[in-house]
Amino acid sequence: MNLDVAKEYDLLVKLIEEEQPDSIVHFAEQRAAPYSMKNSKAKRYTVDNNVGGSNNLCCAVLDADVDAHIVHLGTMGVYGYGTSGGEIPEGYIDVTLPGGRESNILHPAHPGSVYHATKCLDALLWQFYQKNDGMRITDLHQGIVWGTNTPQTIKDERLVNRFDYDGDYGTVLNRFLMQGAMGVPLTVYGTGGQTRGFIHITDTARCIEIAINNPPKTGERVEIFNQIAETRRVRDVAELVSKQTGVDVNMLPNPRQEAAENELDVANRKFCNLGLEPITLDEGLFDEVTEVVKKYKDRCDSTKILPASFWNKKRAEECASLENEKVEIKSEAE
């Protein structure tokens, strides 16, 4: 059945009633921070679709009277990309309240875009429905996904994953890898001092499997995993790609409203304790991706590489010079 979770509620309830699922993996959300900041229409759509869809899912599970475990794909961005001064725990943080009372609460939200804000609102919805209705929910705070294939999808090219490299949907590492393979200067925003969490697509699939197989018990609070393998500064990732491909690094004005530099120390012990052995950026970084890029390079549209979404008017003004920039792809002869 093909339905819109955010709009076709009755069909969603019917589907859950008919299938009687043990687990529901919730990916039905607008997935890109840049797209969510494109304009007012994109911002409104992102909130309506993402938050409405998550609330509909919870209501539908209750109305269908099914004890389904919801596994939601969240984001590391709920924590924000500032410098916390210490390790970011997995979802919950120890605090000392006025009067010396100690507690363990949901980590404060600090979104950096409308997209990230919807994931923070999702997290509050999960907390409410768990507390109010005893729903079993796992929230996966995922980092930036890189890579194109898992051991399953590589068996047939018809199963190949998306490879977004554009300014709205392209993840930073996929953009760098495409640019490096095509001879295009790497586009680094600002100082490149932004630290991000990364995870290979194979590990993403493995983490979802682990989460499904280890659901919280009825009555237990929302389970939260930090779904990342490692953290890297953007400029360090660019340097890694540049050294292996020989392309230059192009520093551009940052279209985002964010700190120029940040630290990111993130705990991921839960997944590792459950059997995950993370793939890092140094392991086979270019093998599969480079082959995919070479095979489909005729589809590359270089006009889509530069950022097309700006966080506010000031950022748009600072990036105005990019309108005159051209991205030229080198031929194999060069």
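This is a predicted model: local features need pLDDT of at least 70, side-chain atom pairs count only at pLDDT 80 or more; totals for chains, interfaces and linings use all residues.
**Stop 1: the core**

Start with Ile-16, Val-61, Ile-70 and Met-135. These residues have the most contacts inside the largest nonpolar core, which has 32 residues. Now colour H1, H3 and helix H4 (114–133), the elements that give two or more residues to this core. Which element gives the most? H3 does, with 5 residues.

**Stop 2: the negative patch**

Select Glu-17, Glu-18, Glu-19, Asp-63 and Asp-65, which gather in a patch of negative charge. Helix H1 (residues 9–19) supplies 3 residues, the largest share of the patch. Then pick out Asp-65. It sits in the loop that runs between helix H3 (40–63) and strand E2 (69–73). Is Asp-65 buried or exposed? Its relative accessible area is 69%, so Asp-65 is exposed, the cut-off being over 50%.

**Stop 3**

The structure holds 17 salt bridges. Begin with Arg-31 and Asp-164, whose side chains meet at 3.0 Å, N to O. Show the surroundings of each partner. Arg-31 is in the loop between strand E1 (23–26) and helix H2 (33–36), and Asp-164 is in the loop between strand E6 (144–146) and helix H5 (172–182), so this pair ties together parts 133 residues apart in sequence. Arg-31 is partly exposed, at 44% relative accessibility. Asp-164 is buried, with a relative accessible area of 15%, because buried means under 20%.

**Stop 4**

Go to helix H6 (residues 201–213). Arg-206 and Glu-209 are 3 residues apart there, so about one helical turn separates them. They form a salt bridge, with the closest N and O atoms 3.0 Å apart. Arg-206 is partly exposed at 31% relative accessibility, and Glu-209 is partly exposed with a relative accessible area of 40%.

**Stop 5**

Next, select helix H7 (residues 234–245). How many residues apart are Glu-239 and Lys-243? They are 4 residues apart, about one turn of the helix. Their side chains meet in a salt bridge, 3.3 Å from N to O. Glu-239 is partly exposed, with a relative accessible area of 39%, whereas Lys-243 counts as exposed at 66% relative accessibility.

**Stop 6: a network**

Finish by selecting Arg-233, Arg-235, Glu-261 and Glu-263. Salt bridges link these four residues in a network.

Key:
Residues are numbered from 1 along each chain as its sequence is written. Side-chain values use heavy atoms; hydrogens and water are left out. Patches are made of residues with over 30% relative accessible area and no salt bridge: like charges are joined within 9 Å, nonpolar side chains (Val, Leu, Ile, Met, Phe, Trp, Tyr) within 5 Å. Accessible areas come from the Shrake-Rupley method with a 1.4 Å probe; for residues, only the protein chains shown count as cover. Lys and Arg count as positive and Asp and Glu as negative; His and the chain ends are not counted. The place of a charge is taken as NZ of Lys, CZ of Arg, CG of Asp or CD of Glu. Buried means under 20% relative accessible area, exposed over 50%, partly exposed in between (1.4 Å probe, protein chains only). A nonpolar core is a set of buried Ala, Val, Leu, Ile, Met, Phe, Trp, Tyr and Cys residues joined through side-chain atoms within 4.5 Å.
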